[in-house]
Amino acid sequence: MSVEGHRRRRWPLLAGAAFLAGLMVAIPGYRHSVEHVRHISGSESASLNCVPCHVLSKQDGPIGRLLNREYLSPLDIAVADDGSRLYVTAEEGDVLLAVDLREKRVASSIPVGRRPHSVVLSPDGRAAYVSNRWSNSVSIVDLRAGEVTGELPVGTGPSGLALTPDGSALYVANTVSNDISLLDLTSGRERKRLPAGNAPYAVSMARDGEAVYVTNRLSSQLAFREPPAAELTVVDAGSERVGARLTFQSAHLIEGIDLTPGGHWAVVTLVRPKNLIPATQIGRGWMLTFGLGIVDRAQGGRVIQLPLDDVNAFYADPYDVVVTPNGELAFVSHAGADVISAVDLQAIRELLDGLPADSLAVYANHLGVSDRYVIKRIPTGANPKGLALAPDGRRLYVAERLDDRISIVDVERLEIIDAIDLGSGRETFLRRGQRLFHDAGHSFQGQFSCRSCHPEGHHDALTYDLEPDGIGRNVVNNVSLRGLAETAPYKWTGKNASLYRQCGFRFAKWLTRTEPFSEDELYALVGYILSLSPAPGRYRMPSGELTETQLRGRAVFERTVTNDGDPIPPENRCTTCHPPPLFTNKQKVDVGTSGPTDTETEFDTPALSNLYDHGPYLHDGRAITLEEIWTKYSPDDTHGVANDLTKAQLNDLIEYLKSLGGTDDSSER
Amino acid sequence: MRIDRLRGRGVVAGAVLASLGIAGVLASRTGARPASGVIVFTQVPAGVAAPGGPDLSQRYPTGSRIVSYDPLEPEVGVRVLTEDFHSARAPAVSPDGSRMAFSGQKQGGGPWQIWELELERGRSRLLTPTEGATDPAYLADGGIVFSAPAAHGTAEPRHALFTAAPDAADPRPITFHPAEDSSPTVLLDGRLLFVTRGFAASTESRRMTMRADGTAAELFYENRDGGRQTGRARETPDDRVVFVESSARENADPVAPGGRLIAVSGRRPLHSRIDLGSGIEGEFHSVVPLSSDELLVSYRPPDRARYGLYAFEPLTGRLDPLLDPDPGYDATEPIVAIARPAPKRFESVVDLQRDTGELYCLDADHSDLPADRQPGSSASIASVRILSATGILGEVPLEADGSFYIELPADSPVRLETLDGAGRVVRGPSSWIWVRPNERRGCIGCHEDRELAPENRAPLAVEKPPVTLPSVASEAPSDGTHGPDEVGR
């Protein structure tokens with residue numbers, strides 16, 4: 001046989017061998033992929049689709065950059081005095097938009113700081129002030145020139161703004177540093193810093209200029225398993241001091257605020273969580289209810305709470321409220337329900353007239369009472385947030401945040417009559433996830449969105465008694481969703497290998513109590529959650545270097561011997577379970593914190609990032625402060641060796657811990 | 001009959017439903033096959049009581065049949081869809097509009113069972129062999145719910161609700177109380193809405209909702225003035241629920257099924273009742289929405305002997321006959337054979353490997369009744385007694401905050417009554433309730449306002465394991481001073 005013949009004969013053999021080799025790689029590879037998907041999803045029926053996790057979720061990859069796009073996400077609106085223009089903060093566009101109402105288009109787009117939040121206009125209409133949440137500043141915008149002319153530093157996470165009637169001073173709610181900046185606009189300096197409640201958010205000034213009202217989103221510090229109570233901070237504008245701290249019992253996430261024209265009422269939006277009750281049902285307000293709070297100044301600051309929900313329909317995530325110039329109506333944006341509630345304030349006055357205090361307590365929980373004062377539910381686009389009324393009160397403008405659109409409501413007809421597209425464009429994979437995250441339509445009767453317990457992807461500082469592991473036991477501390485991407489497994493028990501599993505059918509079974517997310521929805525939702533980055537670290541110096549205190553704290557964190565020189569066993573050192581860069585070993589560990597109602601003793605080691613903004617602490621939220629982790633809940637040095645530390649050393653350690661994590665480029669949405 | 005106008009109405013109604021994202025059924029227009037958006041209804045022969053009344057025989061009207069009528073082809077008249085059956089009634093169309101489940105009796109004297117007809121092909125098949133089964137409705141997962149006789153601690157069989165999986169195998173009961181359950185409708189949010197009627201007093205009927213696995217059963221609507229609920233309720237596109245309600249006062253004939261046409265808001269059903277037919281004489285029998293503004297009703301004018309089908313505009317009170325009434329039949333139970341949005345399905349918490357469920361109460365002393373209507377309200381409640389259909393399951397002391405937490409046999413009816421420190425009954429017994437295996441139910445308190453959300457407070461009782469019932473030395477027979485008054489008769 002010729003060589004050529006041998007070659008011809010060998011060719012099929014080689015091809016066959018190559019085919020078999022290919023199969024040997026492909027079949028295990030396929031099996032591995034199937035197993036991987038099943039493991040990650042927790043579902044035997046999940047389809048084998050690599051693209052959502054490995055391509056679409058990767059914002060920074062070349063394909064991810066190609067597929068994703070930037071959105072504006074309008075958040076807050078101010079209306080020019082002549083009613084000709086709107087000024088809109090674009091939260092994700094880092095710009096202030098000037099919208100021409102006659103031409104119904106964006107007239108100009110003015111770059112401001114990062115994550116612009118609120119906007120107010122000077123009395124003469126020439127300037128706008130914009131709070132920049134992640135630049136920790138207020139931008140001064142010359143509206144004629146269409147450019148920023150100054151940037152005033154304030155506290156951390158500035159959100160709501162209110163100008164004094166003469167326009168000489170500006171109150172700024174600093175959400176992260178829990179205080180209120182009073183800016184002197186003449187000198188351009190911060191005149192005062194006033195202590196607020198927990199996470200101050202919106203600000204409104206009485207029209208007589210006598211008082212400033214500041215809402216606080218989170219509950220003031222709680223004893224373990226006590227109902228939340230959020231504060232409305234009242235600043236005496238004359239003395240420029242805090243004049244009163246009013247409390248909304250059993251409520252939190254107080255975000256929007258407006259005052260009635262005579263100033264008799266301060267009207268706020270609020271959420272009433274039922275986190276202390278076992279989460280066995282969500283119908284009839286057993287998980288959350290949403291409503292209005294009223295401070296009746298005419299009656300000595302009486303605090304009133306009224307629901308905006310119906311018995312079988314819920315209107316999640318009330319965000320902003322505006323009162324018409326005649327004081328007859330209030331409009332509330334429900335960001336999770338895509339609805340504006342029109343509220344008859346006169347009907348509320350009649351309802352409250354002569355009502356005894358015990359009836360007020362019942363009304364706060366009575367879902368039938370809203371029938372008396374909610375006169376219309378106006379459907380909107382996705383995620384309605386900021387509201388503003390035209391000066392004559394005839395038009396209501398609605399920032400449809402996740403549609404990049406402003407809707408215009410006819411106040412007399414109570415219906416949307418027009419809309420201004422700010423540049424919405426196509427829906428990307430992550431934008432879809434973002435919409436799902438904020439949409440309460442994926443719970444049984446609209447009871448809550450993901451955002452309801454994770455505002456801005458963060459946490460609500462509450463603990464919950466969830467059903468699957470038995471009621472009255474295994475209380476869990478709600479955690480932030482920021483920066484989760486590399487920190488699997490999830491849940492305090494570490495039982496979920498992925499967020500796909502965490503948010504899958506069991507989530508529908510035990511929490512939303514309705515149809516689970518479809519596979520495509522789940523991919524998009526998880527992709528969005530994984531895209532949430534930690535906020536910029538408040539305790540980090542701009543240079544990135546540690547302070548002296550933090551350096552001393554780092555030494556404590558990394559130490560291997562006690563103050564007495566005794567060696568610390570490796571398993572009892574901070575760095576063993578909390579190694580950089582995420583400061584978690586992603587393992588379950590028993591640190592002696594299991595309580596009498598816990599069925600587990602080991603808990604997933606949390607990553608350490610922006611800890612100052614994550615309280616309460618430990619798996620069940622029993623530690624109100626970082627200090628308590630060691631001073632109260634590790635008496636036997638089971639949670640790292642710390643009993644030998646001096647008070648000063650513990651302070652150093654905590655200062656160091658607060659500096660960990662965070663990012664310079666928050667993509668919080 | 002004003003055919004021309006109704007033809008237009010058919011188009012408008014079809015357009016309204018299509019605008020809800022509904023695709024019409026592509027069905028043959030020959031033979032006995034319904035076309036897109038045709039009307040399907042039950043014809044009950046004259047002399048046979050129409051379905052819907054409290055009498056059991058009314059669930060199985062001999063000689064009844066299911067027919068279709070196409071408003072766009074009025075010249076064709078009605079077409080019989082169940083020619084192969086001796087009797088048939090209670091049609092329900094699948095969400096995709098392709099199939100019709102119904103209760104049928106193949107031969108005279110034979111059992112009534114649930115059948116399914118392929119609307120396009122006209123072929124029928126037995127869905128479930130359960131005898132006496134009626135009132136089928138399609139579930140979100142493709143299975144069905146229906147009403148059929150059951151005996152749960154009662155001497156006489158009663159009608160409970162059952163569900164069967166999409167393959168129709170192994171129907172299981174999902175209601176477990178001594179009452180007659182019938183006329184289920186599957187709401188868009190996935191809940192079942194059905195009529196339940198107490199044994200002793202035939203006029204005491206309510207509409208209840210629950211999940212399709214039998215969990216979370218609760219009152220949806222009742223008329224405390226004695227309104228008797230008849231037939232299925234239906235959802236309208238604008239989130240109302242419409243149904244027929246009668247009262248003994250209104251009906252000289254105690255078994256007459258007809259009555260007033262009522263609408264309630266789905267958002268607040270207990271306090272939003274509107275008589276849509278106010279001022280209209282005659283009786284309504286059954287209803288199905290065509291749009292937010294128009295209903296298709298089975299209606300009998302005061303001067304007519306038989307029910308006919310009418311298009312009804314509640315806003316104007318206008319009633320227009322859909323087709324010439326057949327003097328030999330009552331036209332009842334209309335539906336529209338068209339695709340519609342599927343109800344939401346949900347993941348069930350029921351675990352059939354378990355035989356117990358749990359019940360906890362936040363404060364047994366809580367009552368929404370006015371002080372003068374609270375029997376023994378001045379007494380301090382010390383414990384709660386749990387009654388089964390046959391006796392006492394046990395007594396559980398209340399925690400300091402009034403809470404209690406019990407584990408009790410699943411799928412068994414219980415009632416609760418509160419006791420003072422001397423063991424005297426303060427309030428109760430309550431209505432019958434049950435828990436499904438692995439279900440955990442919570443309540444605010446006895447006589448809680450059904451529109452009240454709970455106060456955010458951790459109940460002390462759940463800090464400990466539940467008290468398991470029946471407890472030792474319980475199961476004693478009822479002493480006659482309390483307990484079930486509708487059981488075992």
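Which residues in helix 14 of chain A are buried? Hold that question for a moment. One caution comes before the answer: this is a predicted model.

Now the answer. In helix 14 of chain A, the buried residues are D652(A), L653(A), I654(A), E655(A), Y656(A), L657(A), K658(A) and S659(A). What covers them? The cover includes helix 11 and helix 13 of chain A, the latter spanning 626-631. Helix 14 of chain A has 13 residues. From first C-alpha to last it reaches 19 Å, close to the 18 Å expected at 1.5 Å a residue. Just after this helix comes G661(A), with a positive phi of about 75°.

Let's look at one of those covering helices. Helix 11 of chain A covers residues 548-558, and helix 14 of chain A covers residues 647-659. Their axes come within 7 Å and cross at roughly 100°. That makes helix 11 of chain A roughly perpendicular to helix 14 of chain A. Who meets whom? Helix 11 of chain A brings T549(A), Q550(A), R552(A), G553(A), R554(A), V556(A) and F557(A). Among the residues they meet in helix 14 of chain A are D652(A), L653(A) and Y656(A). By class, this contact has 6 nonpolar, 5 polar and 4 charged residues.

Helix 6, residues 429-437, and helix 10, residues 519-531, have axes that come within 7 Å. They cross at roughly 90°. So helix 6 of chain A is roughly perpendicular to helix 10 of chain A. From helix 6 of chain A, the residues in contact include F429(A), L430(A) and F437(A). From helix 10 of chain A, they include A524(A), L525(A) and Y528(A). The classes here are 8 nonpolar, 4 polar and 2 charged.

On to strands. On one side of strand 10 of chain A sit A169(A), Y171(A) and A173(A). On the other sit L170(A), V172(A) and N174(A). Both faces are covered.

Strand 10 of chain A has strand 9 of chain A, residues 158-163, as an antiparallel partner over 4 bridges. A162(A) has Y171(A) as its bridge partner. These two strands form a hairpin with 5 residues between them, and G167(A) in the turn has a positive phi of about 75°. Strand 10 of chain A also pairs with strand 11 of chain A, residues 179-184, in the antiparallel sense over 6 bridges. There Y171(A) stands opposite L182(A). This pair is a hairpin too, with 4 residues between the strands and a positive phi of about 55° at N178(A) in the turn.

Strand 7 of chain A is mostly covered, with 5 of its 6 residues buried. Strand 6 of chain A, residues 127-132, pairs with strand 7 of chain A antiparallel, over 6 bridges. One bridge joins S131(A) to V138(A). In that hairpin, N136(A) takes a positive phi near 55°. Strand 7 of chain A also pairs with strand 8 of chain A, residues 147-153, antiparallel and over 6 bridges. S137(A) has P153(A) as its bridge partner. The hairpin of strands 7 and 8 of chain A has 4 residues between the strands, and G146(A) takes a positive phi near 70°.

Now chain B. Here 4 strands form an open sheet in the order 8-9-10-11, with antiparallel pairing. Which strands stand at the edges? Strand 8 (134-138) and strand 11 (172-173) of chain B do, each with a single partner strand, so one side of each is left without a neighbour in the sheet. Strand 10 of chain B, residues 158-164, joins strand 11 of chain B through 2 bridges. In one of them, F162(B) has P173(B) as its partner.

Last, where the chains meet. The contact takes 39 residues from chain A and 26 residues from chain B. On the chain A side, strand 18 (265-273) and helix 9 (505-512) are the elements that give two or more residues. Helix 9 of chain A has the largest share, 3 residues. The chain A side divides into 14 nonpolar, 15 polar and 10 charged residues.

Note on methods. Residues are numbered from 1 along each chain as its sequence is written. Chains are lettered from A and ligands numbered from 1 in the order in which they are written. This is a predicted model: local features need pLDDT of at least 70, side-chain atom pairs count only at pLDDT 80 or more; totals for chains, interfaces and linings use all residues. Two residues are in contact if their C-beta atoms, placed from the backbone, lie within 7 Å. Ala, Val, Leu, Ile, Met, Phe, Trp, Tyr, Cys and Pro count as nonpolar, Asp, Glu, Lys and Arg as charged, and the others, Gly among them, as polar. Axes are lines fitted to C-alpha atoms, for helices over the stretch in contact, and angles run from 0 to 180 degrees between N-to-C directions. Angles under 35 degrees count as roughly parallel, over 145 as roughly antiparallel, 65 to 115 as roughly perpendicular and the rest as oblique. Two strands pair if DSSP finds at least two bridges between them. A residue is buried if 20 or more other C-beta atoms lie within 10 Å of its own, exposed if 12 or fewer, and partly exposed in between; C-beta atoms are placed from the backbone. The expected span of a helix is 1.5 Å times one less than its number of residues.
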